[in-house]
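Please keep the sequence and the structure at hand while reading.

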Amino acid sequence: MSKPGQDAEATEPVRATRYYRGLTHAAIRRPVGTAAITSVVLVIGLFFLSRLPVDLLPEVVYPLVRVDVAYPGVAPEVMEEQVTRPIERQLASTEGLVAMASEAEEGSTDISLLFRHGTDLDVALQDASRLLERARGQLPDDVEPPRLSKFDPGAQAVYEAGFSSTERSARDVRDWLDQRLAPQLQSIPGVSGVLTVGGQERELEVIVDQQRLRSYGLSLADVSNQLAAENQNVSAGNITSSSLEVRARTEGRFRSAEDVARVLLRIPGSQERIRVDQIAEVRDGFREQRVFVRLDGQQATQLAIFKQPDANTVDVVDQVRERLDSLRASGFIPEDIVFRTTRDGAYFVRASVQSVASAAILGGTLAMLVVLFFLGSVRGSLVIGLSIPLAIMATFALMGGAGISLNVISLGGLALGVGLLLDNAIVMLENIERHRNKLAEDPQEAAHAGADE
């Protein structure tokens, strides 16, 4: 039977061996290696910090596919009977389909296909496209081709601005935006599309005199078919010589009302031809305006910028603003054209990110002050303060490797994780201090014991 002193001596090596097991004890035993790993984590986190995509919300794949069909000038009842129902009958057999909803209005119909969560939308899109091709044979001949696309609630404009002019007409402003400014903004990295809305869109109008048309034995179809046949560029083959070869073509696209007025129409039953302006009035006008945009009470045109799915919202908006400022400074944007930003996606992203980041910083600062007040240890407060950026940089490194963006959800989780980290750090630090002060242990032994408990 052993003595109490011998029992303590026999159990002491086992206790010491237990202290040196695990990652925590290895970090205490190897401070230099721990500092080196910490430095590597900080560097990797800083490397990924400037490269993480920033957005308001995370990218979420919704199991929804939409079918859009345009049939201009057709009443909603006719759209439902001749377009919506034939498409619904074919798409109802799409694999994995849970629900289908449709909405018909004048000139267009929208059909939404909802699939089960986890469905591969690429496969579902191919299946729906195959069935949609089968349905096209049951649609009217003059209906526009259906458009099939995956629904993306995040595919909204990241930047919008209103453009107006004190000297130009609404049609000239719209034409300048489409032809001059839009190509300049389309070339910005991360921009997927530029859309102009409102204003007056240029259109060459042919107003036919019905009495004159009937007097020549012509119909509206004859005029329409002839104009469509003339309004195209035709290849003229190659012109070759001993030293070069030139590819030629004829420019037949209409550029002005005079080009349309000069088109010749053959009179049925004779060899005579008449010009279009003999049976119609040709005007260089604009389409019927259905969308109206106002900027400070004045008629304007809206310009919307869309970004690519993996692009950084803040970077795209900043580059758009810089490009507009440089174009204004260089004189590319005329002085008479006035524009004002009406939507800035980067503002909401910055405000959300800053609010979450400030909450995390404030929480860490308060935790340091609490430790300093209760424990009276400056070193302990610094340890708590260093644990926050280390954990955040480690999280940024993992987010960069996983392709996760900085958004409200991820930053909210990061702030919550920082709070849990501070709680654990405070408990462990206070327990180590208890071993050092009350139990009078060696600092390293106290660290092992406090961490082990």
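D344 is buried, with a relative accessible area of 15%, where buried means under 20% relative accessible area, exposed over 50% and partly exposed in between, with a 1.4 Å probe and protein chains only. The model is a predicted one, in which local features need pLDDT of at least 70 and side-chain atom pairs count only at pLDDT 80 or more, while totals for chains, interfaces and linings use all residues. Residues are numbered from 1 along each chain as its sequence is written, and side-chain values use heavy atoms, with hydrogens and water left out. Helices (H or I, at least four residues) and strands (E, at least two) are DSSP runs, numbered from the N terminus.

**Salt bridges**

- Side chains of opposite charge can pair when their charged atoms come close; a salt bridge here is a side-chain nitrogen of Lys or Arg within 4 Å of a carboxyl oxygen of Asp or Glu, and by this rule the count comes to 13 salt bridges.
- D344 has R321 as a salt-bridge partner, with the closest N and O atoms 3.2 Å apart, and this pair links distant parts of the chain, since R321 lies in helix α10 and D344 in strand β15, 23 residues apart.
- Whereas D344 is buried, R321 counts as partly exposed at 32% relative accessibility.
- A salt bridge of 2.9 Å, N to O, joins the side chains of D336 and R168; D336 sits in the loop between α10 and β15 and R168 in the loop between β5 (159–165) and α6, so that distant parts of the chain, 168 residues apart, are linked.
- In this pair D336 is buried, with a relative accessible area of 11%, while R168 is partly exposed at 31%.
- D277 and R275 also form a salt bridge, their closest N and O atoms being 3.0 Å apart; D277 is partly exposed, with a relative accessible area of 31%, and R275 is partly exposed at 32%.

**Aromatic pairs**

- A pair of aromatic rings is described by the distance of the centres and the angle of the planes.
- Rings of Phe, Tyr and Trp (its six-membered ring) pair if their centres lie within 6.5 Å, and planes under 30 degrees apart count as stacked, over 60 as edge-to-face and the rest as tilted; by this rule the count comes to four aromatic pairs.
- The rings of W176 and F332 form a tilted pair, because their centres are 6.2 Å apart and their planes stand at 45 degrees.
- Since W176 belongs to helix α6 (residues 170–186) and F332 to the loop between α10 (313–330) and β15 (337–344), the pair ties together parts that are 156 residues apart in sequence; W176 itself is buried, with a relative accessible area of 6%.
- Y347 and F348 make an edge-to-face pair, because their ring centres are 5.6 Å apart and their planes at 80 degrees.
- Y347 counts as exposed at 56% relative accessibility, and F348 counts as partly exposed at 43%.

**Nonpolar surface**

- Y347 and F348 also belong to a nonpolar surface patch of about 580 Å², which L56, L57, V408 and I409 complete.
- Such patches are made of residues with over 30% relative accessible area and no salt bridge, where like charges are joined within 9 Å and nonpolar side chains (Val, Leu, Ile, Met, Phe, Trp, Tyr) within 5 Å; the areas come from the Shrake-Rupley method with a 1.4 Å probe, and for residues only the protein chains shown count as cover.
- The elements that give two or more residues to the nonpolar patch are α11 (345–375) and α13 (408–437).
- V408 is found in helix α13 and is partly exposed, with a relative accessible area of 31%.

**The four-stranded sheet**

- Four strands form an open sheet in the order β2-β3-β1-β4, with antiparallel pairing, and two strands pair if DSSP finds at least two bridges between them.
- β2 (97–105) and β4 (147–150) stand at the edges with a single partner strand each, so one side of each is left without a neighbour in the sheet.
- Strands β1 (residues 64–70) and β3 (residues 108–115) pair in the antiparallel sense over seven bridges; L114 in β3 is the bridge partner of L64, and S108 in β3 is that of A70.
- β2 and β3 pair in the antiparallel sense over eight bridges, with E105 standing opposite S108 in β3.
- The hairpin of β2 and β3 has two residues between the strands, and G107 there takes a positive phi near 85 degrees.
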